[in-house]
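Some notes on the aromatic side chains follow, in numbered points. Please read them with the coordinates open.

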Amino acid sequence: MRRTLLPLALVALVLAAGCGGRQIVSSEREVTGGETTAETTGGETTALQISSSPELEEAARGYKEYVATQSTLLADRTEEFVDAVLAGDVERAKELYGPARVPWERIEPVAAQLGEYDPRIDAREGDVPDDEWGGFHRIEKALWVRGTTEGQEEYARRLLRDVRNLQGAIEELELRPVDLVTGSVELLNEVSGSKITGEEERYSHTDLYDIWANVQGSEAAFERLKPALEKEDPALVEEVEAGFDEVYAELERYRRGDGWVSYTKLGEEERRRLSQKVDALAEPLSRVGKVLEE
């Protein structure tokens, strides 16, 4: 049975991230006629009526393919990471940790709405009771704080099982145009809400992998909306594209080979500058939904 992200009526939509202590914003959806989502500005929530044109339906299908591709990549990379953990190879597991999380961070708003996958895969310490805590971040702590994989075998096997189950759930998923609008903004909220502060990867300090992936995921959703948006507001398209360029240019300062410098290498001013670039992009991106309103 195919499933939609938000099947009926009033539901809770996790915007900033899916785990405890993160921002929750309500969202409405009507399944007849256009689709409804929420736009939050200054604490006020207003409903958006997103039209359901053939062009936007095609955009949703294209984004669904992207999400499915990323879920497959997540399963493949997680398997490599888990193999290293089970082999007791601490250095190899550390090397694979950041890249393994990249596809997750690209599609997290979608994955976070499919049952309990977000807390099972991505909960940070304190987000859930300790006896329920597993996923990437529990293993991250063992690798970087204690320098061992000892005791992590069951967590690693469970992580891989959850990621594979998520992959199956996404194959049955049906996305709608409204999901692209919200998803592109939510991923930037992820950056502002928990990545810029460095709290997400508090042990490994691989936050730049996550930030880069969040921005890429946001851009992937926007790119699929762009053909419809260009007909309505080409100036906004240019403004958003320029914003993405600015963020990528800022991030490139910290790229090293195929990876990124430790987030601890960024001083307060550098983090502030990156945050400002992300905020500058988020503002025009937040107007996309209004332009596509019915």
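1. Is Tyr-66 buried or exposed? Tyr-66 is buried, its relative accessible area being 13%; the cut-off for that label is under 20%. Note that the model is predicted.

2. Tyr-63 is likewise buried, at a relative accessible area of 1%. Helix H1, residues 54-86, holds both Tyr-63 and Tyr-66. The two are 3 residues apart, which is about one turn of the helix.

3. In total, the structure has 8 aromatic pairs. One of them is Tyr-63 with Tyr-66: the ring centres are 5.9 Å apart and the planes meet at 20°, so the pair counts as stacked. The limit for stacking is an angle under 30 degrees.

4. Trp-212 and Trp-260 make a tilted aromatic pair, with 5.6 Å from centre to centre and 50° between the planes. Trp-212 belongs to helix H7 (residues 207-232) and Trp-260 to strand E8 (residues 259-260), so this pair ties together parts that lie 48 residues apart in sequence. Both Trp-212 and Trp-260 are buried.

5. The ring of Trp-212 also has charged groups over it. The charged end of Arg-106 sits over this ring, 5.5 Å from the centre. The charged end of Arg-255 sits over the ring of Trp-212 too, at 5.3 Å from its centre. Trp-212 is therefore to be viewed with Trp-260, its partner in the tilted pair, and with Arg-106 and Arg-255.

Note on methods: Residues numbered from 1 in each chain as written. Predicted model: local features only at pLDDT ≥ 70, side-chain atom pairs only at ≥ 80, totals over all residues. Heavy atoms only, no water. Phe/Tyr/Trp six-rings, centres within 6.5 Å; stacked < 30°, edge-to-face > 60°. Helix = DSSP H or I, 4+ residues; strand = E, 2+ residues; numbered from the N terminus. Buried < 20%, exposed > 50% of the residue type's maximum accessible area, 1.4 Å probe, protein only. Lys NZ or Arg CZ within 6 Å of the ring centre and 35° of its normal.
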